[in-house]
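User: Can you walk me through this one? I'd like to start with the strands and then move on to the core and the pockets.

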Amino acid sequence: MGMMMLQNMYFVRYRLRSKVDIENVGDYFSCWQRFGRDLEGKSSSQEEPEAGSVGWGGTVDQSGVSSSEGTNIGWNWHKDPRLACLGYRGIFPSSAIPPLVEEDKETDEGNFLLWRLEKGFAEGSAEIPKGEAIPLEYNLAGLNAVSFDKGCYIGQELIARTHHRGVIRKRLIPIWFLNSSGKEVEQQVSPGSEVIDTASKRKAGIVTTALGSRGLALVRLEEAFKETGSLTLTGQEDIKIEAIRPKWWPSEWFPDQQQKTAAA
């Protein structure tokens, strides 16, 4: 299980005309994320088994488990509303160590980024381009980020129509970078690299995020899940792209199910 402090954000620009004052308390509070494979699918009321993932060592602190619902100063861990596999997120005073955090359970922020990439979802304007990204292509409908029963918002009609038709031709998917022998390739791919289909030689998508041998790419679904080796990069044809099927995707997101939905 990993622990990580996330950068605080300053929201004054979003105040608009609201009669509120917003103060930057980033020096006093820190946002932490608790994640790991043994937290997947667990509710906040369930006792956590001993974890076996990034940054976790030793046995479970049972007193810490009970205090994960809140400390004597009222700070809580909350289940991440996007995906169960993301674990829990909480805001705590920077001067105090949150419950369930010990020295051997804290890990670098980069490990959480890798966890996100392997699960196949993006966050932040660097990975979800402001004014460019189509929410359904970035899988936001599956991340508790899009409502289809309330509005209005810019682009609502287009998003609702596309969603109910059930045909999304491109999606953000997790990818691995491999060499011709099938071994992982480290630090050789940059965001913005063009993904191409090796058979047709036409563009299939684009790499949006890359870290080590992992990344995210916005790729046409009809070409994303072909046999291994069917995707590569423009100008880096020696690097093969392997697309991973996210376990949290509903079945109707996959190409064969989308075709059935469209036909119906």
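User: How many bridges join strand β5 to β8, and which way do they run?
Analyst: 7 bridges join β5 (residues 170-178) to β8, and the two run antiparallel. Two strands pair if DSSP finds at least two bridges between them. K170 has R220 in β8 as its bridge partner.

User: Before we go on, what kind of model is this?
Analyst: It is a predicted model: local features need pLDDT of at least 70, side-chain atom pairs count only at pLDDT 80 or more, and totals for chains, interfaces and linings use all residues. Residues are numbered from 1 along each chain as its sequence is written, and side-chain values use heavy atoms, with hydrogens and water left out.

User: OK. How many helices and strands are in the protein chain?
Analyst: The protein chain has 5 helices and 10 strands. Helices (H or I, at least four residues) and strands (E, at least two) are DSSP runs, numbered from the N terminus.

User: Back to β8. What else pairs with β8?
Analyst: Strand β7 (residues 203-211) does, in the antiparallel sense, over 6 bridges. A210 stands opposite G215 in β8. β7 and β8 form a hairpin with 2 residues between them. In that turn, G212 has a positive phi of about 65°.

User: Is β8 buried or exposed?
Analyst: Buried: 7 of the 7 residues of β8 (residues 214-220) are, so the strand is largely enclosed by the rest of the structure. Buried means under 20% relative accessible area, exposed over 50%, partly exposed in between (1.4 Å probe, protein chains only).

User: Which residues sit on each side of β8?
Analyst: R214, L216, L218 and R220 are on one side. G215, A217 and V219 are on the other. Both faces are covered. In a regular strand the side chains alternate between the two faces of the sheet.

User: And β6, what does β6 pair with?
Analyst: β6 pairs with β7 over 3 bridges, in the antiparallel sense. V195 stands opposite G205 in β7. These two strands also form a hairpin, with 5 residues between them. K201 in that turn has a positive phi of about 65°. Another 3 bridges join β6 to β9, again antiparallel. There, I196 stands opposite T232 in β9.

User: Now the core. How many residues are in the largest nonpolar core?
Analyst: 42 residues. A nonpolar core is a set of buried Ala, Val, Leu, Ile, Met, Phe, Trp, Tyr and Cys residues joined through side-chain atoms within 4.5 Å. I173, F177, F225 and W249 have the most contacts inside this core. Elements that each supply at least two of its residues include α2 (109-119), β5, β7, β8 and α4 (221-224).

User: What does W249 touch?
Analyst: Leaving aside neighbours within four places in sequence, W249 is in contact with N139, R171, L172, I173, L221, F225 and F254. Contact means heavy atoms within 4.5 Å.

User: How much of the whole chain is buried?
Analyst: Buried residues make up 40% of the 264 residues in the protein chain. For contacts with a separation of 6 or more, 65% come from residues 24 or more positions apart.

User: Switching topic. How many disulfides?
Analyst: The count is 0, where a disulfide is a pair of cysteine sulfur atoms within 2.5 Å. C31 is buried at 13% relative accessible area. C85 is buried too, at 7%.

User: Where is N144, and what about its phi?
Analyst: N144 is in the loop between α2 and α3 (156-165). Its phi is positive, about 60°, although N144 is not a glycine. N144 counts as exposed, at 62% relative accessibility.

User: And where does Q187 lie?
Analyst: Q187 lies in the loop between β5 and β6 (194-197). Q187 has a positive phi of about 55° and is not a glycine either. It is exposed, with a relative accessible area of 59%.

User: Last one. Which residues lie nearest the centre of the second largest pocket?
Analyst: E118, K119, R245, P246 and K247, out of 12 lining residues. α2 gives the largest share of the lining, 3 residues. On a 1 Å grid over the protein atoms alone, a pocket is an open set of points where a 1.4 Å probe fits, with protein on both sides within 12 Å along at least five of seven lines; lining residues have an atom within 4 Å of a point.
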